[in-house]
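Reader: I would like to understand how charged side chains pair up in a protein model. Please guide me through the structure shown here.

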Amino acid sequence: MTVKESPEAAEAVLNRALEGEDLPDSFTLLGREWDLHREVFPGTITAATEVMASVLPYPQGGSFLEVGCGTGVIAVTAALSGCAQVTALDINDKAVANTEANAARHGVADRVRALHSDLFGALEADDRFDAIFWNVPWTYVEDDFGIKNQLHKAIFDPGYQGQARYLAGAPRHLAEGGRLFIGTADLGDRDMLDKFAEDAGMRVTLVHRVRRIEVVRIMEYHLLELGPK
């Protein structure tokens, strides 16, 4: 069952993690150290990044596309887990630089390219991938919600317009037999996501459900796969 979260509550979590002058310039996740640039969404505010990086079925020897790469944890992990080619996209240019830094830090810069992109906008028309993934901003707000900064885009998706565009555009970049994934949580509006999938001629399948005890509540993370009906 979907658990509702107010925009105020979501923003409070973000602000608590980002206030102050003494923010670290690195963090530890998945047994590795990662660079953290200012104005990039950290991978440790919730367990979402760790969970998704751990449960995603990376195509061994294949190509992987991540939308909304942030610090690059998942994109770099994909390369370290056997993907031959990884493309990481983010609408925040600082996240692109952060991902490049972490790819270099972990020795996979030759397999990870990071592009400044609004969803699939920076890709070539013939770019195809064996797996496509987006750990979506699951907090629902109305279409006219005022996005104040780049970090807001990491937690808010007004009207779920971004997710609707993702479902509409992703199939054009899937290789034959490729797989399309979304990472979300029980705070997301699953009914709305299911409607967008139906409109795009897709069905939604739950691949993994992971529950984590966090500071405020027990969170339930969902890795979903979207495929033809």
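**Salt bridges and their surroundings**

Author: Glu220 is buried, its relative accessible area being 16%; buried means under 20% relative accessible area, exposed over 50%, and partly exposed in between (1.4 Å probe, protein chains only). This is a predicted model, in which local features need pLDDT of at least 70 and side-chain atom pairs count only at pLDDT 80 or more, while totals for chains, interfaces and linings use all residues. Residues are numbered from 1 along each chain as its sequence is written, and side-chain values use heavy atoms, with hydrogens and water left out.

Reader: Is Arg211 buried or exposed?

Author: The relative accessibility of Arg211 is 56%. Arg211 therefore counts as exposed.

Reader: How many residues apart in sequence are the parts that Arg105 and Asp35 tie together?

Author: The side chains of Arg105 and Asp35 meet in a salt bridge of 2.4 Å, N to O. Arg105 lies in helix α4 (residues 93-105) and Asp35 in strand β2 (residues 32-35); helices (H or I, at least four residues) and strands (E, at least two) are DSSP runs, numbered from the N terminus. The pair therefore ties together parts whose separation in sequence is 70 residues.

Technical notes:
A salt bridge is a side-chain nitrogen of Lys or Arg within 4 Å of a carboxyl oxygen of Asp or Glu.
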